[in-house]
Structures are given as C-alpha cells and as structure tokens.
Amino acid sequence: KSLKIFAPATVANLSCGFDVLGCCLDTVGDEMVISLSSTPGVKITKIVGATLPFETHKNVAGVATEALLKEYGKNIGIEIEIYKKIKAGSGIGSSAASSAGAVWAVNHLLDSPFTPNQLIPFAMEGEKLASGNAHADNVAPALLGGFTLVRSYSPLDVIKLHTPKDLFMTVIHPQIEVKTSDSRSVIKNKVSLQKAIHQWGNVGGLVAGLYTEDYQLIGRSLEDVIIEPLRSILIPEFDTVKTTALKNGALGCGISGSGPSIFALSRGNQNAIVIAEHIKKIYDTTGIDFDIHVSKI
Ligand code: HSE
C-alpha cells in the first residue's frame, strides 16, 4: 500500500499568537510518497529538492513516524519519499510539512488508529529535532487545516478555529536562511505586563474576528508588540514591505513563523495579488532572490 500526499506550508504565529496561532496554505507545499513495506522499521528512501539527512533519527519525517509507530506498538515497515518544494529556513513550516505529512499518511495507511489531533504530538517530535523546541503552531494547522490555536502545551490542547471564506495570504520568501533556533535566540524571556495585556487582547480579537468573519477586526488584531520588534531586524525591507502592504489594503502584515518570510493577509484573491505585485517591486530593488506565493487559507 502506498499514498502520495500534498504536505502544506503553514504560517505560524500570525503576529499576535507566538507559538499558539497558525494557518495552513492551500497551494504551497511539498509532496511525499509513503508506503508500507515488508521490512520492519522506518526508511527514508528518496529526497528530492533539498539536502536533508537520510538517517531516520536525523530526519524530521523519520523521527515523527517513529514516534507514531512507538505509540501504535506494532513493528511495521514504512518507506518515505520526500519531494521538497518548501525551502528549509524559509519560515513557512518546511520541517512541519515533512513531519505532519509523514504522520498523516502513515496513519491513513494504517486505517486511522489516531485522530488528527492525536497526530500532533508525533509531528511535534519532528519540530523538536528541527529547532530544539517542540512547538505545535505549524504542525497543528498542517494536520487540521485552516486556522488553529494551541490553547495549552501542557497538557496539549489544540483547537481548530473557524476559517472565513474570503481570506488570502501573500507570502514573500527572501532567499536568505534564518534558522528558527537563531531567531528564537533573539527573543527575550520576560514580557512586561503592559505588553502582555496588549498581546492577549489581540489574540482574543483575532479569534473573535475569525468566528464572526469580521475582516476589520481580524486586521486590527494582527499586531505583535512582543516578538516582531526584535525579529524584524533580521529581515531585509521588513518595515517597507509592511507599510506598503497595509497602505494597499492588506488586513495585516507580519513575520511568517520565525522568518525570513513575510505574510500579508487580504480579503479576496485580487487584493492578495495586488499586494504581491507591490512587494515584488520593493524586493526587486534589493538584489536578494525571492519568491512570492498567493494562497487561499
Ligand atoms: N512559533 C515558532 C517561532 C514558529 O516563531 O519560533 C517557527 O516556524
């Protein structure tokens, strides 16, 4: 038995929700082929499009699959082929796509012994290997689709949120690598109460806006007073891109995950395309290679 899947890219944090909010992109992602094999154990048999380790314990898809099989309790054989389209260190959940894609497909091949929510901790093992931190804000939307909220990490409590019909994401990926572990090291451990109040007000506002499909409220809530000021200095032209996107009708704009990708959220596909064109003009002047995607959520 074999399965070919699309493993989606994801945008984590969504400005105000560091490590708790994320959403899944419809049209950007990797392909994977996962097969049951008669030889017990997990084997990575093919990797196209990236230089990644074939050793199971060093590969995020391998580690996530092993975590699933350990819980499943049967010694079965799995072969994994990975066709990477999402670049490592791009900030749109490259490692999460591989981890989540692998466990989703293996679960399907085993006739779904686990619910999608139960797959999240397995995929988080891949994230732990990739960044040193088992964050769930990329793997959760990759597995559940749409917008997700990690209400709690201990115990893990992940909620799939409502996704308004008309939301589109423009994502620019400057081709400089920012490792999640590096961009986590610039963050401070302590937050003032004043900033915390500001931030959790926005998280609540964003969730309320998603449920009521209040696009203006979604826009007002896409604000990050804690992480963005520290991380944005690692991203060329961040301020110009953000100002331009907002001036041209984006609901909000911020760092995608740990960067360097920048996302702009729009109401309607056409608005997202217009913003992509404006951002392209800005990046054309930098000499930095980049790619831009527009995707429905
Ligand atoms: N929440 C994580 C971070 C996402 O910002 O470090 C990494 O993609």
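A: Let us begin with aromatic pairs. Rings of Phe, Tyr and Trp (its six-membered ring) pair if their centres lie within 6.5 Å; planes under 30 degrees apart count as stacked, over 60 as edge-to-face and the rest as tilted. A search of the whole structure finds two such pairs. In one of them, the ring centres of F114 and F122 are 5.0 Å apart and the planes stand at 75 degrees, so this pair is edge-to-face. In the pair of Y283 and F290, the centres are 5.7 Å apart and the planes stand at 55 degrees, so the arrangement is tilted.

Q: On what kind of model do these values rest?

A: This is a predicted model, in which local features need pLDDT of at least 70 and side-chain atom pairs count only at pLDDT 80 or more, while totals for chains, interfaces and linings use all residues. Residues are numbered from 1 along each chain as its sequence is written, and side-chain values use heavy atoms, with hydrogens and water left out.

Q: Is F114 buried or exposed?

A: Buried means under 20% relative accessible area, exposed over 50%, and partly exposed in between (1.4 Å probe, protein chains only). F114 is buried, as its relative accessible area is 13%. F122 also counts as buried, at 8%, and Y283 is buried at 0%.

Q: How many helices and strands does the chain have?

A: Helices (H or I, at least four residues) and strands (E, at least two) are DSSP runs, numbered from the N terminus. The chain has ten helices and ten strands.

Q: Which residues does a cis peptide bond join, with omega about 5 degrees?

A: That bond joins G259 and P260. P260 is placed in the loop between β8 (252-255) and β9 (262-267). The peptide bond from S154 to P155 is cis, with omega near 0 degrees; P155 is in the loop between β5 (147-153) and β6 (156-160).

Q: Which residues is K87 in contact with, leaving aside its neighbours within four places in sequence?

A: Contact means heavy atoms within 4.5 Å. With those neighbours set aside, K87 is in contact with S94, H173, Q175 and D291. K87 lies in the loop between β4 (77-83) and α2 and is partly exposed, with a relative accessible area of 40%.

Q: How is the chain as a whole described?

A: The radius of gyration is taken over C-alpha atoms, and the globule rule is 2.2 Å times the number of residues to the power 0.38. For 297 residues, a compact globule would have a radius of gyration near 19 Å, and the chain agrees with its 19 Å. The C-alpha atoms fill a box of roughly 60 × 40 × 35 Å along the principal axes. Of the 297 residues, 54% are buried. Among contacts between residues at least 6 apart in sequence, 71% join residues at least 24 apart.
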